[in-house]
Amino acid sequence: MTSRRAFMTSAAGLFGAAAVSRAATASLPEAPVATDAAMQPPRPPSAGRPYHPVVTLNGWSLPFRMNNGVKEFHLVAEPVVREFAPGMNANLWGYNGQSPGPTIECVEGDRVRIFVTNRLPEHTTIHWHGILLPCGMDGVGGLTQPQIQPGKTFVYEFEMKKSGTFMYHPHADEMVQMAMGMMGFLIVHPRNPNFMKVDRDFVFLLNAFDIEPGSRTPKINTMLDFNLWAWNSRVFPGIDHFVCRTGDRVRIRFGNLTMTNHPIHMHGYDFEVTCTDGGWVPKAARWPEVTVDVAVGQMRAFVFDAIYPGDWAIHCHKSHHTMNAMGHDVPTMIGVDHREVVHRIQRLVPDYMVMGERGMADMGEMEMPLPENTLPMMTGRGQFGPIEMGGMFSVVKVRDGLAPDDYRDPGWFRYPPGTVAYEYTGNPPAPARVGQPPADKRTLTARKPRNGHRGH
Ligand SMILES: [Cu+2]
């Protein structure tokens with residue numbers, strides 16, 4: 001990280017929001033930046049009330065300073081370059097060097113003062129999603145404040161009245177600014193550090209982009225047909241793993257700033273949703289789940305005890321959200337023998353490959369020539385072969401004997417002997433069929449709908 005204090009040596013750009021003492025805001029706090037997508041270790045508070053810090057996937061928490069009892073942060077809205085996964089970088093907009101912006105952590109009862117400097121080519125604001133605050137601090141451009149013009153700095157100041165799981169994002173030219181990656185996580189820790197205590201506390205935002213293969217800048221007018229489904233502006237295999245020590249109590253918190261819902265499914269465990277963007281869920285109102293749907297604009301946090309060691313998949317259950325950039329206008333080729341036509345096509349397109357007549361799994365294995373700066377649609381390798389995933393997919397790695405704050409990748413799980421699914425090597429007997437002729441006597445008739453006839 002490097003300091004970016006130098007560019008704001010003059011206080012001429014300061015405009016305090018209503019009711020904020022201008023004397024108190026005379027000097028800007030430092031605005032540190034992250035230069036890459038590496039997960040930074042949790043940052044225990046340097047001052048103020050104690051709390052157990054969260055871990056931001058492929059991200060970091062913003063340092064603060066105390067100024068006469070007020071916790072001060074400095075966000076800088078600016079163009080950034082984000083690596084989605086090794087091999088692909090995108091031109092996004094974000095905060096303090098990356099998209100998403102750094103996680104802001106504070107404590108229930110804290111008074112916070114957040115400076116927002118706009119280094120974008122157009123105006124912006126920040127809305128503090130889910131926070132109970134005075135209306136004039138709500139960050140809705142035109143409605144609760146004038147927009148922050150390029151080069152200007154605004155001050156937001158309010159008290160964190162309750163703990164929970166929140167986020168921040170622009171409320172100015174929203175469709176463009178969110179499509180470009182502007183968003184961040186906001187955690188308000190409970191005043192009592194033992195309330196809802198966990199050993200590991202992971203956070204990430206779900207976001208979606210439409211970046212044409214071979215290009216670097218998102219298409220900002222896309223409404224639904226996004227082609228990169230991301231967690232914290234990263235896609236599989238670029239998303240950090242959730243590294244847990246066996247026996248840890250673990251919380252995973254996420255917020256959805258895409259344009260569709262995502263059923264988030266974790267293997268190996270059941271869990272309970274303990275927090276939404278509205279606050280903590282009372283114990284009597286929780287029920288066990290293995291998949292939790294998160295609608296647009298919502299946040300969810302679930303908790304489980306990591307008592308089963310292993311490499312457990314965690315992913316969005318919409319199967320096209322575990323893919324990287326893919327063309328949709330591709331015919332289904334299952335069962336089609338197109339060997340004859342291949343030679344003729346290859347005369348025109350030498351790299352043409354036969355795909356899909358046995359399904360699409362070959363895609364995970366094969367090295368197809370791709371446009372520059374483009375990720376394969378299905379990719380990643382595990383210890384047993386290609387994982388055939390992309391997008392919103394990662395792994396919860398539960399291991400014995402890790403140090404409390406060790407989040408380094410422990411490698412693939414070492415399965416105890418005899419615990420992995422294996423090939424049956426005997427002679428499978430012919431299956432008994434009820435009410436169906438044997439497969440070799442079955443015929444399939446397809447009729448095209450025409451003149452009132454319908455296919456069956
Ligand atoms: Cu999804």
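**Strand β4 and its neighbours**

Strand β3 (residues 65–67) runs antiparallel to β4, joined to it by three bridges. Welcome to a predicted model, in which local features need pLDDT of at least 70, side-chain atom pairs count only at pLDDT 80 or more, and totals for chains, interfaces and linings use all residues. Residues are numbered from 1 along each chain as its sequence is written. The protein has three helices and 25 strands; these are DSSP runs numbered from the N terminus, helices being H or I of at least four residues and strands E of at least two.

- In strand β4 (residues 70–85), twelve of the 16 residues are buried (20 or more other C-beta atoms within 10 Å of a residue's own, with C-beta atoms placed from the backbone).
- Strands pair if DSSP finds at least two bridges between them; β4 pairs with strand β7 (residues 111–118) in the parallel sense over eight bridges.
- Val70 has Arg111 as its bridge partner in β7, and Val70 in β4 also stands opposite Asn67.
- Eight bridges join β4 to strand β5 (residues 88–95) in an antiparallel arrangement, with Glu83 partnered by Asn89 in β5.

**Two hairpins**
- The β3–β4 hairpin has two residues between its strands, and Asn68 in the turn has a positive phi of about 50 degrees.
- The β4–β5 hairpin also leaves two residues between the strands, and here Gly87 takes a positive phi near 105 degrees.

**Around Trp231**
- Trp231 sits in strand β13 (residues 228–231) and is buried because 27 other C-beta atoms lie within 10 Å.
- The C-alpha atoms of Trp231 and Phe204 are 6.2 Å apart, although 27 residues separate them along the chain.
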